[in-house]
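Here are a few quick notes to read with the model open beside you. Take them one at a time and find each residue as you go.

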Amino acid sequence: MTYAIQWLLSLIFIIQMYIAMAVVGILYFPYALVTRDGALAAGHAYAAWVIFSLRILTGMKTEVRGTPPTGPVLIAAKHQSFLDILAIFNAVPRGRFIMKKELTYAPILGWFGLRMGCIPVDRGKRGAAVTKMKNDVKAGLLRPGQLIIYSQGTRVAPGVKAPYKTGTAALYLQMGQDCVPVATNVGVLWPKHGIMRKRGVAVIEFLPIIPPGLKGSAFMERLEREVETASDALMAEAGFKFPT
């Protein structure tokens, strides 16, 4: 398949992906208005459709490795593109995200995110943002489910190094729950910027649990080491050439 055809198919995929978001939002709005389960059902329906249409239109398959958690846990994940958001959410029953505050103003996505129980964070306020995040999480701890945080705070392109934020350790210490690290290679095939979606296998991998009880610094060191090591292996598997 030529580059031009793959690019055109990628563009068609992106257009229909946003149309599908509007359609799912309209169809599930009454259900989501009544119960949070409706918002979760909408999210799962949309994620499943995007993953399916991605494979049909562009040839990119999505694979889940490891054991997705079903009980209340903290999920600390690598973030490379919109696809890892959808793939992680689709793999767990009751996911909710720590998300940047700006997304709450996005049509459809913002309202459904808040309805699911996602927690908005103003990343520009740093210390105050962590405090508010902890308070919001504490207020919602009685909700069953999986709280998902991106430990680097933003999408990070393959091969780029970015620090892990201390907010993840703050939640780990506060919640006293298992933490499930998640590695990925999706950014190799679905880049941070641009239209092209490449053929191949995009993987999210649920790694072994980090149990509660570690000190914050020890937890962060272990989390970063395990996620980065596993992500590098997955990216190499997908054909990514690391800079020398």
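Which residues have the most contacts inside the largest nonpolar core?

1. Keep in mind that this is a predicted model. Its largest nonpolar core has 42 residues, and the ones with the most contacts inside it are Tyr-46, Ile-75, Leu-83, Ile-88 and Phe-206. Helix 2 (residues 36-58) gives the largest share of this core, with eight residues. There's also a second, separate core of 23 residues, and Leu-74, Ile-149, Ala-183 and Leu-234 are among them.

2. As background, nonpolar side chains in soluble globular proteins tend to be buried together.

3. Leaving out residues up to four places away in sequence, Ile-88 touches Ala-77, Ile-148, Tyr-150, Val-182, Ile-204 and Phe-206.

4. Now for strand 2 (residues 73-77): is it enclosed or open? Five of its five residues are buried, so strand 2 is largely enclosed by the rest of the structure. Have a look at the directions too: Val-73, Ile-75 and Ala-77 point one way, while Leu-74 and Ala-76 point the other way, and all are buried.

5. Which strands does strand 2 pair with? Strand 5 (residues 146-150) runs parallel to strand 2, and five bridges join the two. Strand 6 (residues 179-184) is also parallel to strand 2, joined to it by four bridges.

6. In strand 5, Ile-148 stands opposite Ile-75, and in strand 6 the bridge partner of Ile-75 is Val-180.

Definitions and conventions:
Residues are numbered from 1 along each chain as its sequence is written. This is a predicted model: local features need pLDDT of at least 70, side-chain atom pairs count only at pLDDT 80 or more; totals for chains, interfaces and linings use all residues. Side-chain values use heavy atoms; hydrogens and water are left out. A nonpolar core is a set of buried Ala, Val, Leu, Ile, Met, Phe, Trp, Tyr and Cys residues joined through side-chain atoms within 4.5 Å. Buried means under 20% relative accessible area, exposed over 50%, partly exposed in between (1.4 Å probe, protein chains only). Contact means heavy atoms within 4.5 Å. Two strands pair if DSSP finds at least two bridges between them.
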